[in-house]
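Here is a short tour of one structure, sorted by topic. Have a look at the model first, and then let's walk through it together.

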Amino acid sequence: MKPLFIVFNIGSGHGDGAQARATIESACAEADRPCFVMLVDPPGRLAEVAHQAVREARQAGGIVVAAGGDGTISAVAQIVLGSGLPFGVLPQGTFNYFSRTHGIPADIAQAMQVLLHESPQAVQVGLVNQRVFLVNASLGLYPQLLEDREAWKKQFGRHRLVAFGAGLLTLLRGHRNLRLRIELDNSTRELRTPTLFIGNNALQMEQLGFPEAQAIDAGRLAGVMLHPLGRLAMLWLLLRGALGQLGDADKVRNFSFRQLTVSRSRAWGLQHIKVGIDGEVSRLRLPLRFSVSPEPLLLIRPAAPAPERAAT
């Protein structure tokens, strides 16, 4: 009967936050389970509230729960990682890749049943310069897409169709190639690419058509780089990704690894770069060091494989 300390980002997703909170509290009351809903408002207080949740959970022998989208979940996981505390998730975002790959339902009432009755299991965490990512981290075109998508969501709402429209517009506007130095498997090479994408979510990689989903299951990260290409070719790749055939495209290089270092190929270039981390964009100092965390998250999730992953 460990108490639940729920960090609830009421700004995530497009659902009714008040109704979600009522469902959470009702499920805990029915199970006679202590729970404390800690609202994040404004969003800038997310880290502060998460630290408070970890402190109180340690004192009470409880569980820290993140209620929100993938960005919220990743930010709370950053603070929970290394604490030894169990971690729970109540998905409230647009895509919810982290919860879906681990079989946690999007319906808040069903997700509460998982939280109340299932046991913690170790799940893999990705790191970029010691920043946690649970789904993906990227640079180049993809962070720009995320910024454009966020602007569209503020204007038109948080829906998948809005996200797709924003991505299409980003590609049509054109893009610049990055000049990068990549250190991988004791070798170094310089290259030009519009985007570098690092995946830590097997479901997302499966849906895009990449075999590296199995590498993630085996404790590695997945890397995807595009060769320089024009707008029409980029749109064709977007279509192939929607059809789950991106892994077979000849303009795509995909690989797996446990450690990868990325820097600029020119020493005099800017030493910070935009990085998309689980749907949020930050500026990180180069070089970027991607790795698998030596310590997993203790995620409360069903023991059986996720239905979506079983289907693929």
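Let's begin with a charge over a ring: Arg-253 lies over the face of Phe-255, 5.0 Å from the ring centre. Such a contact is counted if NZ of Lys or CZ of Arg is within 6 Å of the ring centre and within 35 degrees of the ring normal. This is a predicted model, where local features need pLDDT of at least 70 and side-chain atom pairs count only at pLDDT 80 or more, while totals for chains, interfaces and linings use all residues. Residues are numbered from 1 along each chain as its sequence is written, and side-chain values use heavy atoms, with hydrogens and water left out.

**Rings and charges**
- Arg-100 also sits over a ring face, that of Tyr-97, at 4.8 Å from the ring centre.
- The whole structure holds four aromatic pairs (Phe, Tyr or Trp rings, the last by its six-membered ring, with centres within 6.5 Å; planes under 30 degrees apart are stacked, over 60 edge-to-face, the rest tilted).
- One of them is the stacked pair of Phe-5 and Phe-36, at 5.0 Å centre to centre and 20° between the planes.
- This pair links distant parts of the chain, with Phe-5 in strand E1 and Phe-36 in strand E2 (residues 35-40), 31 residues apart.
- Phe-5 is buried at 4% relative accessible area, whereas Phe-36 is partly exposed at 42% (buried is under 20%, exposed over 50%, partly exposed in between, with a 1.4 Å probe and protein chains only).
- Phe-255 and Phe-257 make a tilted pair, because their ring centres are 6.0 Å apart and their planes at 35°.
- Phe-255 is buried at 9% relative accessibility, and Phe-257 is buried at 1%.

**Around strand E3**
- Six of the six residues of strand E3 (residues 63-68) are buried, so the strand is largely enclosed by the rest of the structure; strands (E, at least two residues) and helices (H or I, at least four) are DSSP runs numbered from the N terminus.
- Strand E1 (residues 4-9) runs parallel to E3, joined by five bridges; strands pair if DSSP finds at least two bridges between them.
- Val-7 has Ala-66 of E3 as its bridge partner.
- E3 also pairs in the parallel sense with strand E4 (residues 87-91), over five bridges, and Val-65 is bridged to Gly-88 in E4.

**The open sheet**
- Six strands build an open sheet with antiparallel pairing, in the order E7-E6-E17-E14-E9-E10.
- Its edge strands are E7 (131-133) and E10 (187-193), each pairing on one side only.
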